[in-house]
Amino acid sequence: MLFSGLAALVPLLALSTPVAADELAPRAGGSDAWHLDWLYTIVKERLDPIVNPNGISSHVHRVVGGSMFGANYNSDQYLSAKCTSAGVTKDNSNYWMPQLYWRENGKYISIAADIRFYYFLSRNSPDEPVQPFPPGLRMLVGNPNAKSLEDTGMTLQSFIYTCQNQHYTSNSQDTTSTNFNFDYTCGDGLKTELKFPPCWDGVNLYLPGNKHMAYSDTTQYGKCPYSHPIRLPGIMLEYTWQTQKLRPGAKMNGNLIWANGDTTGYGMHGDFINGWDYDVLNQALNDPTCVGLGYEIPMQQCKTLGQYMDTTGATAKACSIQRGLVNETNNGIDGVAVSSLPGCNLPWSSGAKPTCSPAVTNPSLPSALTGSDGAYAISDKTQYVSSFVQQQVAMNNGTGSPGIPAFDDSAASKYDAGKWQEVACLRDSSSLRAMQYAVNYTDKALTPAKCQQFCYTYGYVYSGLLGGNNCQCASSFNASQYTSDCNTSCSGDSSQKCGGNGVDVFYNPTLVGRPRINSDTQYIGCRKDGGDGKTLNAASVQNKTMTPTLCKAFCKQKGYTLAALEYGNKCWCDNAFKAGGQPYPEALCNTACQGDTSLNCGGSTGGMAVYNLSLSAAGNIQANAVVASISAATSASSKPVSSSAKSAASSTTAKTSTASAAAASGSCPAAVTVTKTTTVTPKSTAKRALDDVKPPSRRSKGKRDFFGRH
């Protein structure tokens, strides 16, 4: 599965079915997401390798994806599929829902469907990329026996029916529900949507009840729970059933039935078995043309995936099952009536599922459709996840982690162990986290000092203890809910307390503004970008040879006391933080400067390397030399500087002002007397070149970057 390199972005494909205008437009200001519109039915039969491995399923499923689909599931076997009915050729996964039928006059008519899926790519934290599906992963959502939303085990956000009317116009009359019995026609079809949980426990490839997976605190957005720390793509499977073509003008109520006999609609369910080329999906999840955009794109706009797209749809449409079919004559051709649903599936709206008399005999299962079933857990718990996530998986399983330093009492003075002050015991819930944590792990041998050392190492000012074994690190916390429930003994020392149902929060003031990587005396640490260009935005410049020295000189020459670097080439200036500015982990400010790769120029995922120019500078760099350096780097087309210009005297004027600290963020010392020195060189080519450095052009309207900034 070697990755062969990037190719040119393929053109947008002609859609096989109409798509609403709002679905084609990028969705700005949100999280990353992909969608695939070229997804075709490959088979319709009674097989379900998750629920009925090497057997006949109780009801018919409409399946899309790889041609190796059968009664068993083995990752290596499925990866060898000769083709896929998906538009991206490196995805041999299979996705399915039960078949939906139209019921009339004692007959059942199989309804055709247009199918697509979405991958939602929200992150647990900015520095933690979404991980590829591990080989062998299986998922199942919904409950075939459900007769109410509560029975499904799902939420309003993850289980949706949409009766589409004027859907492809700006005057959409769509109506949503949790069942399919709409008392009116669906002029543009009946859409069914299921959202799969995106959070994996890191070990199990399938558990009954889908317990190896969990929803994040806001279904597919927000953070994953401690028990399931690994973020995978959040699948939304979407089938649009063509009811308007089968029975134009007919109401839905009383006319629909799922393949298992359910007439309520609550029995909708969906399955997924992974057949992705791991290396390609991993590459895409780290490709800046695919993620970090802050909005939704068609899969073909991701360069990594674009080179593997079926640009005509012909191959995907022509793909057929290669292992044979279940020999059952009444599966039903779309649009053709049959006298009974395949299997024992009588109409069923409440109570126990009705039985058949006489019993229905299942067809024989061809041997080619059977085979060995793959593993249900991974043996190497670090094989398929990043080093960042390996730390959490290892600690969850009590194996330790080389990424987390072992606690050493003799090293206590190095991380200011005695400086941690208890703040409060705070109530914690999925709807309101006590701490806005960026890093957390579960440890079977946790102590307060061990957690504090961990947070210190990663540069966080707050550490939190929860449930006796969970450590959280953050730059801020929510102080709105207090509790006394922090009395659970620590997993590593029963004589100490490590939170409880509440989070016991500690604070280390020595970490505020404390530089640890950068030895420059003006450096006040990595700070959080508040987004939308609001953090420091009085002036900015982008430069391909950016360094801290160039940025500081630019801001000083513009008359500002704070200089911040971001993205390796961007410089921001201001006199105070206007949003954000909280201390942030130094690890999030480690993007190499484009002008000197041995230095760091902030981060690319929310970290700004900030300098306070009012502090004493190490060394005595001449401002004019720096200005000239910027001029040379950014004004290649400008005229050479004459010898007279080079020797022109510069006059300077000094102004004194007082800068107030942003106390809440611990940004700058309060009441600092700042001397602004503005170099005035009226006809200096160097100064003209510096003034001519323009901020980067805005992105096209509607598109935003990772921070929501246009």
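Good morning. The torsion about the S-S bond of Cys 425 and Cys 486 is about 85°, so this disulfide (a pair of cysteine sulfur atoms within 2.5 Å) is right-handed. Cys 425 belongs to strand 20 (residues 421-427), while Cys 486 sits in the loop between strand 23 (470-477) and strand 24 (489-490), so the pair ties together parts that are 61 residues apart in sequence. Helices (H or I, at least four residues) and strands (E, at least two) are DSSP runs, numbered from the N terminus. The sulfur atoms of Cys 425 and Cys 486 are 1.9 Å apart. Both cysteines are buried, where buried means under 20% relative accessible area, exposed over 50%, and partly exposed in between (1.4 Å probe, protein chains only).

This is a predicted model, in which local features need pLDDT of at least 70 and side-chain atom pairs count only at pLDDT 80 or more, whereas totals for chains, interfaces and linings use all residues. Residues are numbered from 1 along each chain as its sequence is written, and side-chain values use heavy atoms, without hydrogens and water.

How many disulfides does the count come to? The count comes to eleven. Another of them joins Cys 555 to Cys 573, with 1.9 Å between the sulfur atoms. Its torsion about the S-S bond is about -80°, so the disulfide of Cys 555 and Cys 573 is left-handed. Cys 555 lies in helix 10 (residues 548-558) and Cys 573 in strand 30 (residues 570-574), so parts 18 residues apart in sequence are tied together. Cys 555 and Cys 573 are both buried.

Finally, Cys 344 is joined to Cys 356 by a disulfide, and that link is right-handed, with 105° about the S-S bond.
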